[in-house]
Every structure is written in structure tokens, then in C-alpha cells.
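Please look at the sequence and the 3D structure below, and then read the briefing that follows, which is arranged by topic.

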Amino acid sequence: MGKTFRGVFYLSLIFYTFFLHDPAGADPPYIESIKIEPQYIDLNNKNPGDAFTVNINIYGIPQYDGNFGGFEFRFYYNKSVVDIDRDTDVVLDSFIFSTGRNGGQVGPQYEQSGDDSWIEPDDSSLDKCVRCGAFTFGSQDGPAGDGKLYSITFTIKSCGTGKLWLNPDSNALMVITPGAVQVPVNEIIHGIVACGSAEIAFSPESLDFGEINVGNYRELSLTLLNDGGGQLIINEIGITEGISDYSLILQRPCPFVLYPEEKEVLTVRFNPSNSGRIKGVLQVKSNDSDEGVLDIPLTGEGVSGLCAATTVLDRESEDIDTLRRFRDEILSKSKTGKVYNSLYYRFSNELSFILSRHPSLMSRVRNILIKVIPGINNFLEGKRANYSPALKKEIKALLMDLKEEAGPFLKEAIIKLEKDLEKEEIFHKTDLVYKKKP
């Protein structure tokens, strides 16, 4: 059956291509989209035996010599929820012939799992499909722009949730142009048939931003999911507590609809204005009858000072005080030192994130700081601060490994620091040379 269908289709195209059309002309661009419309069919007010019709529409056929010549597709569906009762329920539209070209319909042909020609989609519940096609020939150009390819009437078999799915594989959905050129389709919009109530689900259950330097920020994502069979209407999303420190980034304004199994990603930003533990609440209001209002906890801590350093050292330790003194009494006194300070705070969150994900790097940073801090103490007291070649080599090796995990801007800063260390200019640029106190 599958071979017969494809044979008829290709024979028609060969006849049309080589005998009835001049294939000259430039390769056509992408077709914008093919859509199943309406995308969502609500079965709540329907009963088994009732019927509904969907259209397969095409958009953005480009203008070029010859235009639209023919097509084939596989339309999958869940036969336990809906089915096609008669061949006459699959109707080819006249759009493809609207410019006066001749041709005809190929199909419909039905396939089920186990057929030789079956191409199984990712979703195993899509257990039946209908194959349809059409071809045209003649001296006139085919249509361009937007139009309807097919209307398909389904009969409802049971109340449930199913999908209407066009196979986007190039061997299964084809748009054929004069010269038998296959034109890619940029986007395919599938459909859903469903009955039941909306059920909101979300993940994770809370957002913990960890320690963020005051004046800096971090963004985390939360995903909403319609886990039910009806339309989930998201009426309102907002921050109800901690509004001065937390903000929301939405992909689209409320209200909006999530169809069954559809997801929406929300982004929350934590930008602490003060140090200390800061709590917030992200609130989501929907038409879920059980959980119409969700209050999702937000937590984070604003910190002042060396955020990345406190990732590897005890916040209350004397070593942290030494690093703060080094920042305030040494680095802040020189122009280049101020640049290093600025770079540190710019990338402090990213450094903390890298170290928290790579315990081995954190351990190496801690060991190097333990070796470096005594020399900094000596320097702060007006004593000589010498570092061995082995320690310098260890620092360079650490920077090289950090660079592998860094984003592009942090990587650029590390490369600059490596060059300064190689030339030992960092000591002179920041006045890190031994100066005996009077």
C-alpha cells in the first residue's frame, strides 16, 4: 500500500516535471509555515460520535518562477480519541489549482503501527495516520502566498487528550515545486484535541539564588506546565513579596493560554539592594480549580565584599578580613588596582558558580589562598612578601583551568591577567612592590 501510494505520487511528479513544465529558475526560499488550525479543539462540550473539522493551511509560499506545484504529508493522530470514518472526510482544497493548473489528489491512505511504510513519531500514542498528496501540471504558475491544502473531519471516539501531528521529516512532508525541487518548511504547527480540566504543575518547587553580591544579580528559571486535559489560563503572574529585590521576566504578557502538555518558562531575577537573607514570593494565578493561586518561595542572600572569596573561605575567618584590607588599603590606592577590583566584582557571581560546580577547582583556589594570604599580611605590615616560582606556576595552571569553564567575557579578563602575570607587571601596576613602612 505504502509503495503504491508513493509510486503514483512520484510518477505524477515525473510526468509533470519533465514533460509539462520548464524547470528553469532560481531555487526557491523557505516556505514560512504549515499549520493545523484550529490548533486546539476542546472536547468538553462534545460527545462520542460528534465530529469536528480541522484545516491544514500553508503560509508564505514565495513568489518565484513556477511557485507551488505539489505536496505530500503524513497526518498522525490518536485513534482511541478521534478517527476518520470515511474517505470523504478528507477533502483536498482548490487552492493548489487556483491559478488554472491541472492535477489531482493522491490518497487518502491510512496506516497503522506495523505497516511497512510506517514512520513512527516520538509519541507512541500517535498510533494512526492518513497520507495525502496532490500534484499539478500546466504552463501556468502555481499559487503563492497563503492558502488551505486540506480539510479533515474527525469523529470523536472517547473523551481524552490526543495530538494532531504532521510529520516534519523531509521524506514524509514534502512541498514540491516545478522541477521537482523540494522546498523546506520553516515551521510546522501541530494541534491538540482534549477534554478534561486544567491542571497546573511547576518545577522547581522553589528558587534559591544563594549568595549574590549587593549591586549584582542572578537569574533563575521556573517552568509552568499544563498537566491536565483542558485549557490552562494563566491570568496573572507577579512578585508579591520582596518586590524591591526580585523581578520577573516574562516571555509574553498575561493572560495567556497553555494547552495540554504545553510549557512556559518564567525567569526571576534576584538583585539584592542590601546584605542579609532576603525572602520573596512569586505568585501565579490561573483557572486551575484546585490550585488557582500558587505562592512559590524565593530565597537569596545579599552579601557585601568578596563574594567569590566567601565561596571558598569561612565568611567570619581572619583571612577574609585580610583580603578586605588588601582590597581597601592596596588595590584601591592605584588606578590598575581599581580595575582589578572592578573586574572581580563584575565576575564574582560567575566565579562563585564555577567553583560551586567544580569542587576540585574550589579546593585548588583554597590551597592557593592559604599560601598567598601570609605574604599579603606581611605586605600590609610593611614586610617583604615574596612568592616562590612554584606558587606562581600553580596560579597560572589554575587560571588556565578556570578559563575552560568561563564565559567569553570572564575568559577575556583571565587572558589579560595571565599576560600581566607572565610579565610580572601586576606587581608594579598595583604598587605590589615591597615598600618598608616608615
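Helix 4 gives the most to the lining of the second largest pocket, with seven residues; helices (H or I, at least four residues) and strands (E, at least two) are DSSP runs, numbered from the N terminus. This is a predicted model, in which local features need pLDDT of at least 70 and side-chain atom pairs count only at pLDDT 80 or more, while totals for chains, interfaces and linings use all residues. Residues are numbered from 1 along each chain as its sequence is written, and side-chain values use heavy atoms, with hydrogens and water left out.

**The second largest pocket**

- The volume of the second largest pocket is about 450 Å³, where grid points are joined across faces, edges and corners and a volume is the space filled by probe spheres set on the points.
- The pocket is lined by 21 residues, and the closest to its centre are Y217, R218, N349, E350 and F353.
- On a 1 Å grid over the protein atoms alone, a pocket is an open set of points where a 1.4 Å probe fits, with protein on both sides within 12 Å along at least five of seven lines, and lining residues have an atom within 4 Å of a point.
- At least two lining residues come from each of strand 16 (207–213), strand 17 (218–226), helix 2 (307–312), helix 4 and helix 7 (408–423).
- Sorted by class, the lining of the second largest pocket has nine nonpolar, seven polar and five charged residues; Ala, Val, Leu, Ile, Met, Phe, Trp, Tyr, Cys and Pro count as nonpolar, Asp, Glu, Lys and Arg as charged, and the others, Gly among them, as polar.

**Helix 4**

- Helix 4 (residues 335–357) has 23 residues, which at 1.5 Å a residue should span 33 Å, and its end C-alpha atoms are 33 Å apart, which agrees; the expected span is 1.5 Å times one less than the number of residues.
- At F347, helix 4 bends by about 55°, the bend being the angle between axes fitted to the seven residues ending there and the seven starting there.
- Several residues of helix 4 are buried, among them G337, Y340, F347, N349 and L351; buried means under 20% relative accessible area, exposed over 50%, and partly exposed in between (1.4 Å probe, protein chains only).

**Salt bridges**

- The structure holds 13 salt bridges, each being a side-chain nitrogen of Lys or Arg within 4 Å of a carboxyl oxygen of Asp or Glu.
- D89 and R86 meet through their side chains in a salt bridge of 3.4 Å, N to O; D89 counts as buried at 8% relative accessibility, whereas R86 is partly exposed at 46%.
- K163 and E261 form a salt bridge whose closest N and O atoms are 3.6 Å apart.
- Because K163 lies in strand 10 (residues 162–166) and E261 in the loop between strand 20 (256–258) and strand 21 (263–270), this pair ties together parts that are 98 residues apart in sequence; K163 is partly exposed, at 27% relative accessibility.
- Another salt bridge joins R252 to E262, with the closest N and O atoms 3.6 Å apart.
- R252 lies in the loop between strand 19 (246–249) and strand 20, and E262 in the loop between strand 20 and strand 21, so the two residues tie together parts that are ten residues apart in sequence.
- R252 is partly exposed at 28% relative accessibility, as is E262 at 26%, and salt bridges that share partners join R252, E262 and E264 into one network.

**Backbone features**

- Most residues other than glycine have a negative phi, and most peptide bonds are trans.
- E261, although not a glycine, has a positive phi of about 75°.
- E37 and P38 are joined by a cis peptide bond with omega about 0°, and P38 is found in the loop between strand 1 (31–37) and strand 2 (40–42).
- A cis peptide bond, with omega about 0°, also joins S203 and P204, and P204 is found in the loop between strand 15 (200–203) and strand 16.

**Contacts across the sequence**

- Y40, which is found in strand 2, is buried with a relative accessible area of 9%; Y40 and Q231 are 191 residues apart in sequence and 8.7 Å apart in space, C-alpha to C-alpha.
- D50, in the loop between strand 2 and strand 3 (51–61), counts as partly exposed at 29% relative accessibility; D50 and I156 are 106 residues apart in sequence and 5.6 Å apart in space, C-alpha to C-alpha.
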